[in-house]
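Student: I should like to learn how to read a model of this kind, feature by feature. Where should we begin?

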Amino acid sequence: MRLSPVFLLSATDVAHFPAESKTFGAPEIAFLGRSNVGKSSLINALLGSKQAHTSSTPGRTRAINFFALHEGAGEKMKQRPTMIFADLPGYGYAKISKSISAEWPKFIEPYLSERETLALAICLVDTNIPPQPSDKQLIDYFKQTQRPYLVVGTKGDRLSNNVLAKSIATLKREHGVDEVLAVSAKTDVGTKALWARLLAVTE
Ligand SMILES: Nc1nc2c(ncn2[C@@H]2O[C@H](COP(=O)(O)OP(=O)(O)OP(=O)(O)O)[C@@H](O)[C@H]2O)c(=O)[nH]1
Ligand SMILES: [Mg+2]
């Protein structure tokens, strides 16, 4: 699947979120997770190009960056995008606070609760570390709000198949979910399966 991405804007306030007049109400996919989990890298892997800024320094993304994804180019880019990607700032890296809400920018909660076009939240969890309380908090939030979400396990390339399978099983059990889709932005493992899930919500 190749969609042409167009960077829309970088929002640090509810008032800046792209209006429906700009997105034609296209379904939006949000990428959420702790700082450094690999949100921006996964977006780039899915798009096959370097759209989102990545960094080895946690906390690189400080705003919600919106990208419109179009089939085709030229005039077609002025029409309704197939979907929108929203790259969100990470939470929970600093040891200052254990609560997501205390350290997460104030515009994230309104985004998650009010964004009508949000079709699917991708909750990224790192397969290289044990299940994190802050991730559980976010996943619990989605269970409560009944917003559609999918848990994706990142950086699978760093683990052997055996260890990865064990990590996925632990993440599923601890987060109380039926599925954790293993991906790697480095090797592209899992990105095809993820695309299928993204396209399914936009049909
Ligand atoms: N080995 C490996 N490294 C990865 C993978 N995905 C991301 N990384 C590395 O992890 C670091 C963080 O990646 P980002 O994509 O910037 O993480 P982020 O979640 O967007 O981080 P913030 O914007 O700070 O919240 C970078 O050094 C990436 O190269 C992966 O699939 N495999
Ligand atoms: Mg980022």
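Tutor: We begin with burial: a residue is buried under 20% relative accessible area, exposed over 50% and partly exposed in between, using a 1.4 Å probe and protein chains only. Helices (H or I, at least four residues) and strands (E, at least two) are DSSP runs numbered from the N terminus. This is a predicted model, in which local features need pLDDT of at least 70 and side-chain atom pairs count only at pLDDT 80 or more, while totals for chains, interfaces and linings use all residues. Residues are numbered from 1 along each chain as its sequence is written, chains are lettered from A and ligands numbered from 1 in the order in which they are written, and side-chain values use heavy atoms, with hydrogens and water left out.

Student: Which residues of α7 are buried?

Tutor: In α7 the buried residues are T191, L194, W195, L198, L199 and T202. They share one side of α7, because their arc around the axis is only 135°; the arc is that of the directions from the helix axis to the C-beta atoms.

Student: What does the same check give for α5?

Tutor: Helix α5 (residues 133–145) has 13 residues and should span 18 Å; its end C-alpha atoms are 18 Å apart, which agrees. Its buried residues are S134, D135, L138, I139, Y141 and F142. These lie on the same side of α5, because they cover an arc of only 150° around the axis. On the face turned away from that buried side, α5 carries the exposed residues P133 and Q144. Just after α5, Q146 has a positive phi of about 60°.

Student: Is β4 (residues 83–87) mostly covered or mostly exposed?

Tutor: Strand β4 is mostly covered, five of its five residues being buried. M83, F85 and D87 point one way, and I84 and A86 the other.

Student: How many aromatic pairs does the structure hold?

Tutor: Rings of Phe, Tyr and Trp (its six-membered ring) pair if their centres lie within 6.5 Å; planes under 30 degrees apart count as stacked, over 60 as edge-to-face and the rest as tilted. A search of the whole structure finds eight such pairs. F31 and F85 are edge-to-face, because their planes stand at 70°, with centres 4.9 Å apart. With F31 in β2 and F85 in β4, the pair ties together parts that are 54 residues apart in sequence. F85 also forms a stacked pair with W195, at 5.9 Å centre to centre and 25° between the planes. This pair links strand β4 to helix α7 (residues 191–202), 110 residues apart.

Student: Why do F85 and W195 count as buried?

Tutor: F85 counts as buried because its relative accessibility is 0%, and W195 because its value is 8%.

How values were computed:
Expected span 1.5 Å × (residues − 1).
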